[in-house]
Amino acid sequence: ATSKQDTVSFVASTSSPDRYGDIIDQKGWILENYKKNPVVLLNHDSNQLPIGKGNVHIRNDQLVINVQFDQEDERAREVERKAKAGFMNAVSVGFRPLESKSRSELPEDNKYYGKRGMYYSKSELLEVSIVTIPANGEATMLEQKFYNAMKEELVEEVKSIIKENMFVGKHILSVSEEDDRYIVEFAKMPSEESSMDEEEERAMDKEEEEKEM
């Protein structure tokens with residue numbers, strides 16, 4: 001059995017227009033044949049051996065794939081390393097259109113209507129590739145998206161706790177995270193700036209007095 005740690009998860013397809021204006025309806029995916037031959041390629045190169053296998057499913061109106069890289073294949077391990085390190089974090093689908101029409105032929109009140117590109121209402125998934133440049137900008141590594149969302153929520157929670165307690169009214173400049181702590185930077189309040197100026201002036205006066213003595 002493959003554990004979650006052995007796979008890398010990606011959003012393989014969404015219903016957003018790609019660089020060519022094409023849209024794939026995520027409700028129209030035919031996945032049965034892919035599940036029988038779940039190949040993961042590099043840059044859609046079917047002349048090369050697969051670098052892994054994929055487990056696909058639809059979640060939140062997106063095609064999600066959990067990729068298990070072939071650990072016996074040096075090229076596959078290198079792609080996995082680059083993906084986990086953030087040097088490659090995008091995927092792209094290879095598919096066979098089963099039902100399609102120009103987006104301009106759709107009714108104008110259809111959410112998929114557009115002046116350019118095709119609308120694929122039914123598609124058979126053939127392969128999924130790790131790619132250097134994806135056609136669909138949203139087809140990227142899933143963990144990073146989840147991590148970013150979680151971090152944003154955490155920062156908001158920290159800000160909320162701080163505001164509700166001892167630092168009411170202060171403007172938070174940033175919240176940064178280290179291994180064992182959160183570092184919060186606040187903007188100085190006008191009263192603090194003036195009191196700081198007064199302290200600095202007193203210190204300078206004292207220095208002058210000592211010099212004169």
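# A walk through the predicted model

Of the protein's 213 residues, 34% count as buried (under 20% relative accessible area; exposed is over 50%, partly exposed in between, with a 1.4 Å probe and protein chains only). This is a predicted model: local features need pLDDT of at least 70, side-chain atom pairs count only at pLDDT 80 or more, and totals for chains, interfaces and linings use all residues. Residues are numbered from 1 along each chain as its sequence is written, and side-chain values use heavy atoms, with hydrogens and water left out.

**Whole chain.** Colour by secondary structure. You get four helices and 10 strands (DSSP runs numbered from the N terminus: helices are H or I of at least four residues, strands E of at least two). Along the sequence the pattern reads β-β-β-α-β-β-β-α-β-β-α-β-β-α. Take contacts (heavy atoms within 4.5 Å) between residues at least 6 apart in sequence: 64% of them join residues at least 24 apart.

**The core.** Select Ile65, Leu125 and Ile130. In the largest nonpolar core, which has 26 residues, these three touch the most other members. Such a core is a set of buried Ala, Val, Leu, Ile, Met, Phe, Trp, Tyr and Cys residues joined through side-chain atoms within 4.5 Å. Two or more residues come from each of strand S1 (8-13), strand S4 (39-42), S6, H2, S7 and S8. In soluble globular proteins, nonpolar side chains tend to be buried together.

Now centre on Leu125. Leaving aside neighbours within four places in sequence, its contacts include Trp29, Tyr34, Val56, Val93 and Phe95.

**Helix H2.** Select residues 74-85. H2 has 12 residues and reaches 16 Å from first C-alpha to last. That is close to the 16 Å expected at 1.5 Å a residue (1.5 Å times one less than the number of residues). Look at the start of the helix. A side-chain oxygen of Asp73 comes to within 2.9 Å of the backbone nitrogen of Arg75. After the helix comes Gly86, with a positive phi near 90°.

Which residues of H2 are buried? Show Ala76, Val79, Glu80 and Ala83. They cover an arc of only 100° around the axis, so they sit on the same side of H2; the arc is that of the directions from the helix axis to the C-beta atoms. These buried residues pack against S1, S4, S6 and S8.

**Salt bridges.** The structure holds five (a side-chain nitrogen of Lys or Arg within 4 Å of a carboxyl oxygen of Asp or Glu).

- Stay on H2 and pick Lys84 and Glu80. Their closest N and O atoms are 3.2 Å apart. The two are four residues apart in the helix, so about one helical turn separates them. Glu80 is buried, at 8% relative accessible area.
- Select Glu78, Arg81 and Lys82. A network of salt bridges links them.
- Move to Arg96 and Glu124. Their side chains meet at 2.7 Å, N to O. The pair links distant parts of the chain, 28 residues apart: Arg96 lies in strand S7 (residues 90-102) and Glu124 in strand S8 (residues 118-131). Arg96 is partly exposed at 44%, whereas Glu124 is buried at 8%.
- Finish at Lys27 and Asp61. The closest N and O atoms are 3.9 Å apart. Lys27 is in the loop between strand S2 (23-24) and strand S3 (29-30). Asp61 is in the loop between strand S5 (52-59) and strand S6 (62-69), and 34 residues separate the partners. Lys27 is exposed at 66%; Asp61 is partly exposed at 31%.

Terms used. Polar contact = N/O pair within 3.5 Å; in protein donor to acceptor, adjacent residues only side chain to side chain.
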